[in-house]
Amino acid sequence: MTDSKAEWTQQDTAYMAEAIQLARKGLYTTEPNPRVGCVLVKNGQIIGRGWHQKAGEGHAEVNAIKDAGLQARGSTAYVTLEPCSHFGKTPPCASALIQAGVARVVSAMEDPNPEVSGSGFDLLQKAGIQIESGLLESQAQVLNLGFVKRMNTKRPFVRIKMAMSVDGRTAMASGESKWITGSAAREDVQRLRARSSAVISGIGTVLYDDAALTVRANELGLENAEEISKRQPLRVILDTDAQLPESAKLFTLPSPILLVVSSEAQVPDSILQYSNVSVFRLPAATKESVRSNSLDVVLAELARRGCNEVLVEAGASLAGSFIRENCWDELVLYVAPKLMGSSARPLANLPMEYMSEAKPLQLKDIRVVGDDIRLTYHQGCSNLTDASSTE
């Protein structure tokens with residue numbers, strides 16, 4: 001059981017805000033782990049800073065202790081997530097704090113993992129360390145909405161990315177769509193990919209665009225772009241009838257691919273020979289279409305594989321299916337300053353006849369990206385805060 005203070009001091013809030021900013025440095029690199037930051041404070045001075053930089057490497061608390069050295073004894077640790085208490089690829093952070101002689105731990109939030117939630121606090125309390133939790137909790141949760149959702153629901157956070165003209169069109173009648181948006185918006189999309197565990201697309205989009213669906217360092221617009229691009233998201237292709245040709249650009253790049261096919265589909269041996277390709281077969285009950293309740297089956301599988309955030313980059317049909325089936329959390333919509341005409345293709349296939357069928361949305365963020373506008377929506381019943389910032 002943790003102690004929860006009704007009010008923290010202004011200094012407490014400032015130190016936790018710095019820990020959250022440190023956690024943001026791991027926005028593109030910590031998957032499947034959460035993004036965590038930590039600062040150590042003693043006698044009103046920050047003596048150590050750390051953040052979780054990469055999965056498999058030191059956690060935020062360990063890095064902050066290393067930064068502080070012997071000064072850590074008697075300090076207060078401000079950390080954005082409950083210190084872990086179990087051995088994984090690295091030793092428990094709670095034990096490291098105890099060994100360092102930290103006197104007080106202020107956490108933004110408890111670990112949402114039901115198997116470990118509270119155990120880190122218990123370990124610290126048994127060692128005589130003062131525990132407080134809940135400071136800037138909502139801000140800390142925004143950084144890890146995917147991790148929190150996966151722990152609580154066994155499903156990833158699903159973000160749908162779409163681009164359209166001012167009159168709501170995504171492609172000409174012929175299918176031509178390059179480029180609706182400008183280069184700044186395309187860089188922004190690259191950053192959305194980079195923070196994602198997986199990118200989902202449909203066979204139609206892949207066949208028409210021959211898309212690679214990878215993070216491209218030269219389009220990220222970030223200083224450490226080369227390092228970020230080393231961790232590529234899983235490319236998930238919904239290909240019920242195994243139509244993807246061996247010549248697809250997807251196969252020319254080494255990042256992982258998951259082909260989602262029906263239980264009866266015959267995947268060619270020439271595709272199965274690629275070491276980066278794996279196949280997930282839909283249960284027989286959902287073989288008729290990937291645009292039914294099988295979407296939830298796919299998301300459950302991605303969560304099982306440790307995916308926190310999923311980006312859907314698809315055409316009007318598949319995007320519409322995700323929306324109709326309520327298999328989404330956030331819609332990121334780029335609006336280009338152009339008109340494409342009434343014969344061009346619509347944003348999403350959503351057959352509706354009555355206003356009562358309309359789906360309400362909550363506008364969470366609006367900003368100018370180059371010559372385009374980026375709108376971020378959550379579902380009308382959602383109370384989530386904005387999670388899409390790539391800055």
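Lysine 154 is found in the loop between helix H6 (145–153) and strand S6 (157–165); helices (H or I, at least four residues) and strands (E, at least two) are DSSP runs, numbered from the N terminus. Phi of lysine 154 is near 60 degrees, a positive value in a residue that is not glycine. Most residues other than glycine have a negative phi, and most peptide bonds are trans. Lysine 154 counts as exposed because its relative accessible area is 58%; buried means under 20% relative accessible area, exposed over 50%, and partly exposed in between (1.4 Å probe, protein chains only).

Asparagine 43 also has a positive phi, about 55 degrees, although it is not a glycine. You will find asparagine 43 in the loop between S1 and strand S2 (45–51), and with a relative accessible area of 76% it is exposed. Another spot to look at is the bond between glutamate 31 and proline 32: this peptide bond is cis, with omega about 5 degrees. Proline 32 lies in the loop between H1 and strand S1 (37–42).

Residues are numbered from 1 along each chain as its sequence is written, and side-chain values use heavy atoms, with hydrogens and water left out.

The chain averages a pLDDT (the predictor's confidence in each residue, from 0 to 100) of 89, and 91% of the residues score at least 70. Over residues 286–291, however, pLDDT stays under 50, and the model has 15 contacts beyond four places in sequence for this stretch. Contact means heavy atoms within 4.5 Å. Where pLDDT is low, the predicted coordinates should not be read in detail.

## Aromatic pairs

A pair of aromatic rings is described by the distance of the centres and the angle of the planes. Rings of Phe, Tyr and Trp (its six-membered ring) pair if their centres lie within 6.5 Å; planes under 30 degrees apart count as stacked, over 60 as edge-to-face and the rest as tilted. By this rule the model has 2 aromatic pairs. Tyrosine 15 and tyrosine 78 make a tilted pair, 5.2 Å centre to centre with 50 degrees between the planes. This pair links distant parts of the chain, 63 residues apart: tyrosine 15 is in helix H1 (residues 10–24) and tyrosine 78 in strand S3 (residues 76–79). Both tyrosine 15 and tyrosine 78 are buried.

Phenylalanine 251 and tyrosine 274 form a stacked pair, with 5.1 Å centre to centre and 5 degrees between the planes. Here too the pair links distant parts of the chain, 23 residues apart: phenylalanine 251 sits in the loop between strand S9 (234–238) and strand S10 (257–261), and tyrosine 274 in the loop between helix H10 (269–272) and strand S11 (277–281). Phenylalanine 251 is buried, as its relative accessible area is 6%, whereas tyrosine 274, at 22%, is partly exposed.

## Residues and their neighbours

Valine 39 lies in strand S1 and is buried, with a relative accessible area of 0%. Leaving aside neighbours within four places in sequence, valine 39 is in contact with several residues, including Tyr15, Leu22, Ile46 and Tyr78. The C-alpha atoms of valine 39 and valine 279, 240 residues apart along the chain, are separated by 43 Å.

Threonine 214 lies in the loop between helix H8 (203–209) and helix H9 (225–228). This threonine is buried, at 8% relative accessible area. Not counting residues up to four places away in sequence, threonine 214 touches Gln190, Arg193, Gln232, Arg235, Leu253 and Ser255. Asparagine 63, in helix H2 (residues 60–68), is partly exposed, with a relative accessible area of 21%. Asparagine 63 and serine 262 are 199 residues apart in sequence and 46 Å apart in space, C-alpha to C-alpha.

Key: This is a predicted model: local features need pLDDT of at least 70, side-chain atom pairs count only at pLDDT 80 or more; totals for chains, interfaces and linings use all residues.
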